[in-house]
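Okay, thanks for coming, everyone. Have a look at the screen while I bring this one up.

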Amino acid sequence: MIDKEQIKHVASLAKLEFSDEEFDEFAEKFQETIKMEDMLTHIDTKGVEPTTNLSTRTTTFREDVAQKEQSRELLMKNVPEEKDGLIKVPSILDTEGDN
Amino acid sequence: MDYFTHSIEELHTMLVNKDITVEQLVTTTFDNIENTDKKINAFITLNKEAATKAAKELDEKGIDEDNLLSGIPVAIKDNILTKELKTTAGSKMLENFVPVYDATVMEKLHNDGAINVGKLNMDEFAMGSSSETSHYGNVHNPWDLNKVPGGSSGGSAAAVAAGEVIATLGTDTGGSVRQPAAFNGVYGFKPSYGRVSRWGVIAFSSSLDQVGILSKRVKDAAAVLTSISGEDDKDYTSAQVEVPNFVKELSSDMTGKKIAVPSEFMGEGINEDIKEVIKNALNEFEKMGATIETVSLPDIKNAVPTYFILASSEASSNLQRFDGIRYGFRASDVKNLEDVFVKTRSEGFGEEVKRRLMLGTFALSAGYYDAYFKKAAQVRTLINQEIANVFEKYDYIMGPTTPTTAFNIGAKIDDPVTMYMNDMLTIPANMAGVPAASIPAGTVDGMPVGLQIIGQRFNDQSVLDASYAYEQANKFYENKPSMKGDN
């Protein structure tokens, strides 16, 4: 079982936050989900290799030829905020109403 | 133009004979969508201007008589990137996102002359089994508007069922093509993992995701599959296997084919009336000269919890890119960069997506990795071995696609674990990367039931063949949904 403090820790790792009102309901459902997952703990998997992908090929190399890539203009098309052709972000340090 | 009566082949003949122009076909398609979709809400975005322009150009140039898809209108699930056409993945996060390039499957469809009429509603980031997690409203099941169309490709299935379009693309990570196909009484095909490029498909779970097809008729799906298949330099997981012409190779000869029916597919938790419909369907295969045997796949009961760990873990990694910096939604009222990440993701993602990101982050986090992620990856191996063992002796695994028929809108959305159980019969094919289809087999209380046909990896043709054979025996496509109910 996962407790509420752990759930808050996972939220910080996932870069998510929950308001106090939504947290209790979310935590309850999340605990239900984890309970379902605990079914797996009883399965004997000693010596079983994990499967993490189904790719059928090994590393391959393409010919080293020049390719036309997307232009800067295109790449900037969906940027939420830009200035002088650069992506604008708030300062990394807290600026408290001064951005 | 509604698409209840024609197949792609018939439309192609009409276009070749100039009984109808591509422009007329496209125009009447939009007229019908605008009328019908008020009830269904299958579409998020219509591609009217570009589609009409493409139709005119094709009429001037003349359609390609050797290509079944030339001039045929299709529609696309909204997690497949379409150049210059909004692509939302059903999420607020991508409400204003306009891709600057096409997914490989779109390039291929365009090259074959297919015309994209619009983008289809879906569960947010393909996470859901009812299309209720969409930011763009519920999709309604054409057989009963009070019921869900399934998910996550709910719009893709409902649009075909309602006669809005003849074929659509969906994606299938744990059953997201086959389950809505079953709920809507249409055909749904999930190719072998690696058959179709995932380039330009908004990633959910990269080791499970595969683009699939929904259509009324099997041959129509075969035509679309022939178009979108093939190795792609841009997707390392696309397989180096030959692409046959799935239409020309179609065969309905089931003589001597061996079909395995897992007792787990016909056991506890599966609606009794559905089992009856499936037994009748299996009898049809027997009449066609196939043999049916019951097998046991005990590890399959672990498929749902295994899937939710693996898919959510991959999603928690794949969806890290949604940070509010380069594209998509960005929260306002932020004080620093960390705020941009946290507030953007907390306001931009819906509840189900957050639950999966949390589950995946938890399963990959220090101290829990071995007990959850690694454990699930090991159980996946056990499930895949079980399936491989069956395919050493049998050509097909068959059974129901879903444990129940479509349920009422709102009935399960507050209970995630019950909702997840919808996918218990479809997940195994994704785990093993094998091709699988759902074909309508009948109805229970007026709602469609799907027969699931699973084949050997890269023998997609065999799954199409069995589907084609069964389609001719049962002709479910002659049924039309009622479009009744409150909306």
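So, how much of chain B do the buried residues make up? They come to 61% of its 487 residues, where buried means 20 or more other C-beta atoms within 10 Å of a residue's own, exposed means 12 or fewer, partly exposed is in between, and C-beta atoms are placed from the backbone.

Some bookkeeping before I go on. This is a predicted model, where local features need pLDDT of at least 70 and side-chain atom pairs count only at pLDDT 80 or more, while totals for chains, interfaces and linings use all residues. Residues are numbered from 1 along each chain as its sequence is written, and chains are lettered from A and ligands numbered from 1 in the order in which they are written.

Staying with chain B, we have 15 helices and eleven strands, taken as DSSP runs numbered from the N terminus, with helices being H or I of at least four residues and strands E of at least two. Its radius of gyration is 21 Å, close to the 23 Å that the globule rule gives for 487 residues, so chain B is as compact as a globular protein of that length. That radius is taken over C-alpha atoms, and the rule is 2.2 Å times the number of residues to the power 0.38. Along the principal axes, the C-alpha atoms of chain B fill a box of roughly 65 × 55 × 50 Å.

Now the inside. The largest nonpolar core has 154 residues; a core here is a set of buried Ala, Val, Leu, Ile, Met, Phe, Trp, Tyr and Cys residues joined through C-beta atoms within 7 Å. In soluble globular proteins, nonpolar side chains do tend to be buried together. Helix 12 of chain B, residues 370–393, gives the most to this core, with nine residues. And which residues have the most contacts inside the core? Those are A167(B) and I453(B).

Leaving out residues up to four places away in sequence, A167(B) touches a list that includes I8(B), V74(B), I213(B), L214(B) and S215(B), a contact being two C-beta atoms, placed from the backbone, within 7 Å.

That brings us to strand 6 of chain B, residues 211–215, where five of five residues are buried. V211(B), I213(B) and S215(B) point one way, G212(B) and L214(B) the other. Strand 6 of chain B pairs with strand 4 (167–171) of chain B in the antiparallel sense over five bridges, pairing needing at least two DSSP bridges. One of the bridges puts T171(B) with V211(B). Strand 5 (187–190) of chain B also pairs antiparallel with strand 6, over three bridges, and G188(B) stands opposite L214(B).

Loops next. I409(B) sits between strand 9 (396–400) and helix 13 (416–420) of chain B. Buried or exposed? I409(B) is buried, with 23 other C-beta atoms within 10 Å. Among the residues it touches are E132(B), N138(B) and V148(B).

Last, chain A. Its mean pLDDT is 89, with 94% of residues at 70 or more; pLDDT is the predictor's confidence in each residue, from 0 to 100. At the interface, 45 residues of chain A are in contact with 55 of chain B. Helix 2 of chain A gives the largest share of chain A's side, six residues.
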